[in-house]
Amino acid sequence: MRDITSGISAELRELCLSVLLSTPDSCEPKVRKQKANDTIASLSRDKYKSVPCSNLAAAEGAHSTSSKAPERAGEAPAISRRKPSELQTWRFRRVQTYIGDHIADTIRLADLARAAGLTRMYFAAQFRQKTGVRPHEYIVRQRIARAQVLLMVPQTKIIEVGVCVGFTSQAHFTTVFRRYVGITPHRWRLSQTPEGSPRPANIHSTRTDAQSSQPHNTTRQAAILR
């Protein structure tokens, strides 16, 4: 007969030993072993009969949960990212002032962060939350807005306007202006010039008119002398 003491708990093993010790030595080894096995089997049945099925199910659920606990414990906890706050109004005004004063210069993110009194990372996040765009995008829009104001002055040249708002060449200025406005600076200036207002004088046309009028003046002067 198979020994049922294999694979049982330590408590049942102790009971098995106590039964073996209480059995008289005069009994044969097989009888002593059979008696111990029967005693342990009956104790095991009584023990599990006294446990309700609901408790057994709960115990099994607890075991399965505990087996999964190490896996969950090993997983990295989900990082809750807080929404960055908006840039405070007084900081934003300082940034606007700095951009207006240095619109013709190269403006870096560190310069704006320093004007706002924040680190670059915090400033960039709060500035975008405040305006909806990144600092570089905001700077370009401010340059184009200033250029439109200067283009309304007829005497200014397009290249001069581009340099005054921070562009290094007329080609770069024209490309960026067209990207944001939809037309070139020259066409935009013509579209904003009201009818009948004086336009900037064309140097080439003025010289041509002067040269064409010289023969008539010479003929008139010769007639007077005669």
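Helices here are DSSP runs of H or I with at least four residues, numbered from the N terminus. The model you are looking at is predicted, so to speak of local features requires pLDDT of at least 70 and side-chain atom pairs count only at pLDDT 80 or more, while totals for chains, interfaces and linings use all residues. Residues are numbered from 1 along each chain as its sequence is written, and side-chain values use heavy atoms, without hydrogens or water.

- A pocket is an open set of points on a 1 Å grid over the protein atoms alone, with protein on both sides within 12 Å along at least five of seven lines; lining residues have an atom within 4 Å of a point.
- The second largest pocket holds about 280 Å³ of space.
- Its lining has 15 residues, and His 136, Val 140, Arg 143, Gly 166 and His 172 are the closest to its centre.
- At least two lining residues come from each of α7 (135–151) and α9 (170–181).
- Seven of the lining residues are nonpolar, five polar and three charged.

**α7 against α9**

- The two helices pack at about 100°, with axes 11 Å apart.
- α7 is therefore roughly perpendicular to α9 (the class for 65 to 115 degrees).
- Contact (heavy atoms within 4.5 Å) involves residues including Val 140 and Ile 144 of α7 and Phe 173 and Phe 177 of α9.
- Nine residues of this contact are nonpolar, one is polar and two are charged.

**α7 against α4**

- α4 (residues 89–101) packs on α7 at about 55°, with the axes 11 Å apart.
- Among the residues in contact are Phe 92 and Ile 99 of α4, with Tyr 138 and Ile 139 of α7.

Definitions and conventions: 1 Å grid on protein atoms, 1.4 Å probe; cavity = no way out; pocket = protein on both sides within 12 Å on 5 of 7 lines; lining within 4 Å. Points joined across faces, edges and corners; volume = space filled by probe spheres on them. Nonpolar A, V, L, I, M, F, W, Y, C, P; charged D, E, K, R; others polar. Axes fitted to C-alpha atoms, helices over the stretch in contact; angles between N-to-C directions. Parallel < 35°, antiparallel > 145°, perpendicular 65-115°, else oblique.
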